[in-house]
Amino acid sequence: MAAERLTGAALEAELDRLLGEGSAFQPSEDFKASALISDTGIWDAAEADPVGFWEEQAGALDWNTRWTTGLDDSNPPFYKWFDGGTLNASHNCVDRHVEAGLGERVAYHWHGEDGSTQTITYADLHRDVQRAANALKDLGVKAGDVVGIYLPMIPEVVVAMLACARIGAPHNVVFGGFSPQAVVERMEVSDAKVLITASAARRKGKTAEVKQQVDDEIASRAEGLPALDTILVVRHADGDAPMTEGRDVWWHESLAAADPVCPAEAFPADHPLFILYSSGSTAKPKGILHGTGGYLTGVAWTHLNVFDLKPETDVWWCSADVGWITGHSYIVYGPLMNAATSVMYEGAPDYPHTAIWWELVEKYKATIFYTAPTAIRACMKWGAEEPAKHDLSSLRLLGSVGEPINPKAWLWYHHVIGGSKCPIVDTWWQTETGHILISPLPGVANAKPGSAGRPLPGVLAEVVDEAEGKEVERGNQGLLVLRRPWPGMLKTLYRDDDRFIETYFSRFGNDTYLVGDAARQDPDGDMWVIGRIDDVVNVSGHRLSTAEVESAIVAHPAVAEAAVIGQSDEQSGQAICAFVTLEGSHETTDAVMAEINEAVAERIGKFARPKRIIWSDDLPKTRSGKIMRRLLRDIAEGRALGDVTTLRDPAVMAELQKHVAARASEED
Ligand code: WTA
């Protein structure tokens, strides 16, 4: 029986007690008895033959031609999984299930922000994906051509992705929260031939005129977008849209006109499935390129086993947005390859009210729920009374992703949402890794709040020292690295092999992938991921580069200089804090601050706006002129300052401290 769910002061007291105990959590006997993996022997088996282990998992997919080589590692770090094999991703997500008689199974219970609903079966997907694939072909899209997708969380986004996969056209999905400027830039750098977008999007009861905004952005460029032939427009949110003759086509019209039959063509395992731009250490986003056979194998296996999925009975819900890797792997490809039934929600967790997620768990009887720590912390703020309004007893497993989860949020999630009976899997991975690599397996884990558990079977993750890349003693902090290729590993950075090698392999050589996170492995082998070691900030689980935000800020004409850091934040994990110096003649007014915020929203998206802007007369720099962000972080977090002797002008720090204190008192 589930324990009674506490709220208010009783809940606080219970969480404090559990925090004090520092306990670990085992699955219940019931959970274990029916778990897909309930034996730790799988680690030894995978370790004995890692490539063989993944070959066995690849066998769960439909291949047109079986591979000849499990892993071609003759040219590291360019690895080729399942070389010689051919397959089609959309066939594996849809056709084979329909052929197996599962056409009537629900793929998505879609729930709109306005309360409207759609039930989409595998047969529905089969019909729509074929038409959409033919529509793309009719527009001249061929295998290898890039198709951009900028859509809200609506069923068409899944259809669009699978249609691209069906014809071998890599999709380049841009998260709906990015600004049109960021979208157009990503289309430009990937030479997208077609962009699929929506007339409008719903944003918490308001309507954003997405197509108009995209048009304006393209028109503002002298050369427009030379490679872009067509904009395919999904009509949504009752939105009409300006349509440019000869360039713009309505999605519904082109699907209606398309041939209903589009056979799935087989592509080599290594064929690019998608590009997803992510933030790195510089202002230029990285085009992370994923292949097909390896990616699908890793995603399918982890979705099944990390979440102990029983496709016949489970109702899966990943609350991410499809525009991020979590959405690609665990809203689209993973669940569909496993013939799962998912919930897909268009809106935000606080619209139309802060219990909407729990209302939907009850309505659709969701059994597995996967979200981010930042969302859990928001729910904590809204209070345990919100979920208490709904029957959450259908839930049997919970997941977390995107950033380290603080133990208190873990315990709250466990007690308030999981009724103290659901195991939690804290899953560590990245856009680059394609799928989960470190996570407890729920049927065997001894889960510790705050730890992502052991590397999955077949995965070789280590914590090493900075200087030589040697494994540090258990319990010590170091750099997280991956010592062995895994199937969902990125192929390269799109059109930039040099940056691929430089970013991930220049530190310790071509057989050691540098993750970019600091971590500690405890004596049991469980990983505690601490956070990024580079200039990447994780705001509410969204990856941002400090350089990207800085370049948006300095584009403002009044700004002379800016330095951006990630500051710890109770709510969002990290928050953007910007130190800004204005040109001599400009006053530091609220109006300028608002303009800077607006500039960031326009250049990147609203989610990247600084939480705090601190005016500064000067920034701490070394004698060679390099800004010392480490000192800015110390100052912003009120820590004792590290070594300031290398500064050109140590007095800058005292001045800055005054500004930070002034800002803090304004906020109080
Ligand atoms: C962080 C998201 C701690 C980490 C899937 C990583 C995590 C970055 C966890 C990748 C976790 C992700 N515990 N940190 N369970 N999951 N991270 O590419 O810093 O958006 O490098 O992929 O998020 O972010 P990305």
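Eight strands make up an open sheet whose order is S12-S11-S8-S6-S7-S14-S15-S23, with mixed pairing; helices (H or I, at least four residues) and strands (E, at least two) are DSSP runs numbered from the N terminus, and two strands pair if DSSP finds at least two bridges between them. At the edges lie strand S12 (248-250) and strand S23 (492-493), each of which pairs on one side only. Strand S15 (residues 286-290) and S23 pair in the antiparallel sense over two bridges, and Leu289 has Thr492 in S23 as its bridge partner.

This is a predicted model, in which local features need pLDDT of at least 70 and side-chain atom pairs count only at pLDDT 80 or more, while totals for chains, interfaces and linings use all residues. Residues are numbered from 1 along each chain as its sequence is written, and side-chain values use heavy atoms, with hydrogens and water left out.

In H21, Val652, Met653, Leu656, Val660 and Arg663 are buried, meaning under 20% relative accessible area with a 1.4 Å probe and protein chains only. Seen down the axis of H21, the buried residues fall within an arc of 90° (taken from the directions from the axis to the C-beta atoms), so they line one face of the helix. The elements they pack against, by contact (heavy atoms within 4.5 Å), are listed here.

| Element | Residues |
|---|---|
| strand S29 | 573-582 |
| helix H19 | 590-603 |
| strand S30 | 612-615 |
| helix H20 | 629-636 |

Definitions and conventions
Buried < 20%, exposed > 50% of the residue type's maximum accessible area, 1.4 Å probe, protein only.
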